[in-house]
Amino acid sequence: MKAFKNIQRVKPGGLELTDRLVGVQRVVKVTKGGRTFGFSAIVVVGDEKGVAGHGMGKSKEVSEAITKGIEDAKKNLVRLPIVNHTIPHEEEGRFGGAYVFLRPASHGTGVIAGGAMRAVLESVGIHDVLAKSKGSSNPHNVVKATFLALMKMRDAHMVAKNRGISMDKIFNG
């Protein structure tokens, strides 16, 4: 994943993380001896307070693939900006053929998003957002595009810190 200077990595110790299974795909490797079946699982973990991560696990068994995905997701935790249970501003993200668009929504709107995007947004702790997924519906790419869009977001505190000025100057001037 791209490194953004406004995003900080988080250690999983001490966090109460919940995991959401986004998708399990059966994959086949064709060899001289026949077909070998395996599974790949994409998982999103988060504390629903602004910290989330995603991971992928592959194995011959579904449960083992999910477990590996959860472990991988815990290694990729990042803190994402949330303002009043929504996002600070509009943003878009692209990964591969997936293109996602996120827009803040007023209180009570809910998470207007489908499938893979919903799992990511709920794991982060966003309760009100309007989201649209265009292009590819491949869950792996949709999850990564959603994370890229969320990682590009900056709230007012981050902007003030990056510019080295006070919050008053941001809003008054």
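Helices (H or I, at least four residues) and strands (E, at least two) are DSSP runs, numbered from the N terminus. The structure is a predicted model, in which local features need pLDDT of at least 70 and side-chain atom pairs count only at pLDDT 80 or more, while totals for chains, interfaces and linings use all residues. Residues are numbered from 1 along each chain as its sequence is written, and side-chain values use heavy atoms, with hydrogens and water left out.

**View 1. Helix α2 and the glycine that follows.** Helix α2 spans residues 115–124 and is largely enclosed by the rest of the structure, because seven of its 10 residues are buried (buried: under 20% relative accessible area; exposed: over 50%; partly exposed: in between; 1.4 Å probe, protein chains only). The buried residues are Ala116, Met117, Ala119, Val120, Leu121, Ser123 and Val124. After α2 comes Gly125, with a positive phi near 110°.

**View 2. The hairpin of β2 and β3.** Strands β2 (residues 18–31) and β3 (residues 34–46) run antiparallel and are joined by 13 bridges; two strands pair if DSSP finds at least two bridges between them. Two residues lie between the strands of this hairpin. Val28 has Phe37 in β3 as its bridge partner.

**View 3. The hairpin of β3 and β4.** Strand β4 (residues 51–59) runs antiparallel to β3, and eight bridges join the two. Within this pairing, Ala41 stands opposite Gly57 in β4. Four residues separate β3 from β4 in the hairpin, and Glu48 is in the turn. Glu48 is not a glycine, yet its phi is positive, about 60°. With 36% relative accessibility, Glu48 counts as partly exposed.

**View 4. The loop that holds His85.** His85 lies in the loop between β5 (78–79) and β6 (91–95). Its phi is positive, about 60°, although His85 is not a glycine. Most residues other than glycine have a negative phi. His85 is partly exposed, its relative accessible area being 41%.

**View 5. A nonpolar surface patch.** Leu21, Val24 and Val62 form a nonpolar patch on the surface, with about 210 Å² of accessible area together. Accessible areas come from the Shrake-Rupley method with a 1.4 Å probe, and for residues only the protein chains shown count as cover. Patches are made of residues with over 30% relative accessible area and no salt bridge; like charges are joined within 9 Å, and nonpolar side chains (Val, Leu, Ile, Met, Phe, Trp, Tyr) within 5 Å. A salt bridge is a side-chain nitrogen of Lys or Arg within 4 Å of a carboxyl oxygen of Asp or Glu. Val62 belongs to helix α1 (residues 62–75) and, at 33% relative accessibility, counts as partly exposed.
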